[in-house]
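Trainee: I would like to learn how to read the contact between two chains. Where do we begin?

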2 protein chains.
Amino acid sequence: MTVSKTASAAAAKPSRPARKELAEGLVDDAALQLGELSELLGYSLKRAQLRVFEDFLRCVAPLQLTPAQFSVLLLLDRNPGRNQTEIANTLGILRPNFVAMLDGLESRDLCTRIRSTNDRRSHILMLTDKGRAVLARAKKLVATKHEARLNEVLGPANRAALLDMLATIAREF
Amino acid sequence: MTVSKTASAAAAKPSRPARKELAEGLVDDAALQLGELSELLGYSLKRAQLRVFEDFLRCVAPLQLTPAQFSVLLLLDRNPGRNQTEIANTLGILRPNFVAMLDGLESRDLCTRIRSTNDRRSHILMLTDKGRAVLARAKKLVATKHEARLNEVLGPANRAALLDMLATIAREF
DNA sequence: GATATTCGATATAGTGCATAACAATTATCA
DNA sequence: TGATAATTGTTATGCACTATATCGAATATC
């Protein structure tokens with residue numbers, strides 16, 4: 001696997017080529033054989049995931065939200081009154097790593113930590129008005145640009161089937 | 001998104017529970033609502049990818065190979081005589097980051113760097129005999145354990161369809 | 001032959017992920 | 001009730017992966 005974002009075979013750059021190939025006969029270059037790699041589910045899974053995240057970032061760039069931040073806002077909206085541990089756990093984020101993330105969102109006034117009166121150890125998380133507004137705009141961008149593009153490429157039926165299989169893997173694997 | 005490996009809601013640990021819920025009536029806990037999150041392709045994509053990589057590591061653990069290392073060995077086997085830049089590029093690895101990776105593989109005697117006679121700047125990469133042997137064993141483990149498990153969960157037809165859609169995304173998205 | 005390009009490599013920074021440990025608070029149990 | 005254990009948010013820290021700039025050596029281009 002591996003697969004980073006950048007690093008496409010030829011990183012297009014207008015300059016003098018330092019190659020010869022075209023001069024000699026046998027251009028054994030062209031493109032390498034992926035071989036069994038194209039049958040490795042994990043490989044395609046990672047490449048696809050990187051592309052999708054990349055597109056997500058582009059589509060929602062005006063709001064400066066990462067996929068992770070968007071998922072937090074979504075979850076806070078659907079589950080008000082929860083504390084950090086609960087939100088972090090359902091997203092698969094470790095509590096220590098969730099702290100800095102919340103600091104970022106809170107410093108942008110997208111959400112708030114409120115000391116719980118029941119349990120003064122925990123912080124109840126709430127979206128602010130601005131947080132709700134940003135989330136609404138983000139949802140619209142995601143739906144009309146990001147997911148819409150996936151529908152174009154895959155077709156609605158395939159997209160649904162793909163989502164279902166991915167959920168199956170995440171659930172039963 | 002987000003989604004790390006660990007951090008399942010309850011990280012099983014035999015100890016005294018510091019909860020009350022079961023005592024009081026309304027257990028409003030249970031499980032949070034994912035909401036639109038379950039319709040976000042990128043979210044399921046990432047969760048599935050993490051699970052698949054996790055399983056890959058388990059299945060191939062006796063050989064101590066990461067998905068990235070496995071992909072390099074596969075590519076070297078199919079494309080002998082290539083240099084570092086070519087291999088790194090087709091895998092989406094940046095050349096600087098590929099150096100340490102090759103150091104690891106070479107120190108384990110799985111592959112070799114050979115100064116090219118045509119172009120003394122570049123290193124031709126070759127699998128060693130041990131590298132070929134390890135790759136063969138890894139392929140077997142991946143096929144009989146890793147991919148076999150995916151076939152069980154998804155079914156062969158779905159697995160093929162999934163692979164096709166992921167490739168489509170990686171290609172046309 | 002002078003200049004630009006490529007190759008492998010180093011240094012470095014940013015991000016994500018993971019674990020240990022701590023103070024404050026709460027739950028449990030004797 | 002008091003002692004002990006557990007939980008919450010937090011900090012510190014380390015590891016892995018990713019990304020960019022830069023370098024010397026070698027090669028290509030003009």
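**Reading the interface**

Mentor: This is a predicted model. In it, 58 residues of chain B are in contact with 58 residues of chain A.

Trainee: Which elements give two or more residues to the side of chain B that touches chain A?

Mentor: They are H1, helix H2 (67-78), helix H3 (84-91), helix H5 (129-154) and helix H6 (156-172) of chain B. H1(B) gives the most, with 14 residues. By class, this side of chain B has 32 nonpolar, 16 polar and 10 charged residues.

Trainee: How are two packed helices described?

Mentor: By the angle between their axes and the distance between the axes. Here, helix H1 (residues 41-59) of chain A packs with helix H1 (residues 41-59) of chain B at an angle of about 150 degrees, and the axes are 9 Å apart. Angles over 145 degrees count as roughly antiparallel, and H1(A) and H1(B) are therefore roughly antiparallel to each other. Their crossing is left-handed.

Trainee: Which residues make the contact of H1(A) and H1(B)?

Mentor: Among them are Leu45(A), Val52(A) and Phe56(A) of H1(A), and Leu45(B), Val52(B) and Phe56(B) of H1(B). The residues of this contact divide into 12 nonpolar, 4 polar and 2 charged.

Trainee: Turning to H3(B), which of its residues are buried?

Mentor: Ile87(B), Ala88(B), Thr90(B) and Leu91(B) are buried. Their cover includes H2, helix H4 (95-107) and strand S2 (123-127) of chain B.

Definitions and conventions. Residues numbered from 1 in each chain as written. Chains lettered and ligands numbered in written order. Predicted model: local features only at pLDDT ≥ 70, side-chain atom pairs only at ≥ 80, totals over all residues. Axes fitted to C-alpha atoms, helices over the stretch in contact; angles between N-to-C directions. Helix = DSSP H or I, 4+ residues; strand = E, 2+ residues; numbered from the N terminus. Parallel < 35°, antiparallel > 145°, perpendicular 65-115°, else oblique. Left-handed = near helix turned anticlockwise from the far one by under 90°. Contact = placed C-beta atoms within 7 Å. Nonpolar A, V, L, I, M, F, W, Y, C, P; charged D, E, K, R; others polar. Buried ≥ 20, exposed ≤ 12 C-beta atoms within 10 Å, placed from the backbone.
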